[in-house]
Amino acid sequence: MLDLTKFTTEQRNQRSMDLDTMTSLQIVTTMNDEDLRAVQSVTKVLPQVATAIDWAAETLERGGRVFYMGAGTSGRLGVLDASECPPTFGVSPDLIVGLIAGGETAFIKAVEGAEDSEELGANDLRERGLSDKDLVVGLAASGRTPYVVGGLVYAKATGCKTIAIACNQGSKIGESADLAIEPVPGPEVLTGSTRLKAGTVQKLILNMISTGAMVKIGKVYQNLMVDVQQTNEKLVVRGQNIVMEATGCTRERAVQALADAGGHVKTAIVSVLLDCDAEQATVALERARGHVRAAVSGHEKSNADAQ
């Protein structure tokens, strides 16, 4: 029989023993205090998260993919982070991939027993043609989910770098990966409900990994989303605002630059900053491997050298 008592995520929280007698204000105060503990637990693993960012960026730069895999809440968080990368950073949906035990249906409704199969974890990666260029990130609050263990073991055998994110130290998935990220947010306010602090901690770390990796590969200029996809009215206006913020130009100039650039925010920014046409801006960006800052400084350096 599986012994859950050794996992801090399954232990009882002494600060919420009277949860059922608390007023609504006391409940939210207690939960908020515990959420602060969750955030603080991430501070202790920041060096490992930084390594994960570097690995993810290297993977993407060499044409590989990043896979998140998990079950239940952990799986849903991976799918959520992956699904938000295309509209935010203009990347293909095939670049950051979220896998959840039981498939897409499990995102809405639990698929019984799916998380207990190591072979299912391996199969989900095998079916997607995992190669040694890819990176696999396994997520499990307990740190022992068989689906994730199976995926990580298969990934390592394939030659991939692997990362484990768990909320207990010395986790089984941590032992199965090249890099273990193991913050310990402690027992939940509601015993064993790892959608709470453990879920928050995993979300924070995934935010850091995906955002940091995208910064590293040139999807960000200053602190602006320069590859944002303009798929609705709000995002069209945001695109204009980003060009204006990055260049100090008027909205009229931003609208024209975006039109000339085919709606590509990054190209519009470079064209305004360099006072050149969209075609020249595209060339400058290509030379700088998509980094706006490098495209601008590289162009200015070339001009200075020519003089």
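Reader: In which helix is threonine 59 found?

Author: In this predicted model, threonine 59 belongs to helix H2.

Reader: Why is threonine 59 counted as buried?

Author: The relative accessibility of threonine 59 is 1%. Buried means under 20% relative accessible area, so threonine 59 counts as buried.

Reader: Which residues does threonine 59 touch, not counting residues up to four places away in sequence?

Author: Threonine 59 touches Gly64, Arg65 and Val66, and also Lys133, Asp134 and Leu135.

Reader: Why is glutamine 26 called partly exposed?

Author: Glutamine 26, found in helix H1, has a relative accessible area of 41%.

Reader: What separates the C-alpha atoms of glutamine 26 and alanine 166?

Author: The two C-alpha atoms are separated by 29 Å, and the residues are 140 apart along the chain.

Reader: What are the overall figures for the protein, in helices and strands?

Author: The secondary structure comprises 12 helices and seven strands. Along the principal axes, the C-alpha atoms fill a box of roughly 75 × 50 × 35 Å. Of the 307 residues, 47% are buried. Among contacts with a separation of 6 or more, 65% join residues 24 or more positions apart.

Reader: Which residues of the largest nonpolar core touch the most other members?

Author: Within this core of 35 residues, they are Tyr68, Ile163, Ile165, Ile181 and Ile205. The elements giving two or more residues to the core include helix H1 (24–43), helix H2 (46–61), strand S4 (161–166) and helix H7 (197–216). The largest share, seven residues, comes from H7. In soluble globular proteins, nonpolar side chains tend to be buried together.

Reader: With which residues is isoleucine 165 in contact, leaving aside its neighbours within four places in sequence?

Author: The contacts of isoleucine 165 include Val137, Leu139, Ile173, Ile181, Ile205, Leu206 and Ile209. Apart from this core lies another, of 28 residues, among them Ala254, Ala278, Ala284 and Ala288.

Reader: Why are H8 and H9 described as roughly perpendicular?

Author: Helix H8 (residues 233–247) and helix H9 (residues 251–260) pack at an angle of about 110°, with their axes 9 Å apart. Angles of 65 to 115 degrees count as roughly perpendicular, and H8 and H9 are therefore described in that way. H8 passes H9 in a right-handed crossing.

Reader: Which residues of H8 and H9 meet?

Author: From H8, Val237, Gly239, Gln240, Asn241, Val243 and Met244 take part; from H9, Arg251, Ala254, Val255 and Leu258 do. By class, the residues of this contact of H8 with H9 are six nonpolar, three polar and one charged.

Reader: What makes H9 and H10 oblique to each other?

Author: The axes of H9 and helix H10 (residues 265–274) cross at roughly 120° and come within 8 Å. Roughly perpendicular covers 65 to 115 degrees and roughly antiparallel begins over 145; H9 and H10 are therefore oblique. The crossing of H9 and H10 is right-handed.

Reader: Which residues of H9 meet H10, and which classes do the residues in the contact have?

Author: Arg253, Ala257 and Leu258 in H9 meet Val265, Ala268, Ser271 and Val272 in H10. The contact of H9 with H10 holds five nonpolar residues, one polar and one charged.

Conventions
Residues numbered from 1 in each chain as written. Predicted model: local features only at pLDDT ≥ 70, side-chain atom pairs only at ≥ 80, totals over all residues. Heavy atoms only, no water. Axes fitted to C-alpha atoms, helices over the stretch in contact; angles between N-to-C directions. Helix = DSSP H or I, 4+ residues; strand = E, 2+ residues; numbered from the N terminus. Parallel < 35°, antiparallel > 145°, perpendicular 65-115°, else oblique. Left-handed = near helix turned anticlockwise from the far one by under 90°. Contact = heavy atoms within 4.5 Å. Nonpolar A, V, L, I, M, F, W, Y, C, P; charged D, E, K, R; others polar. Core = buried A, V, L, I, M, F, W, Y, C linked by side-chain atoms within 4.5 Å. Buried < 20%, exposed > 50% of the residue type's maximum accessible area, 1.4 Å probe, protein only.
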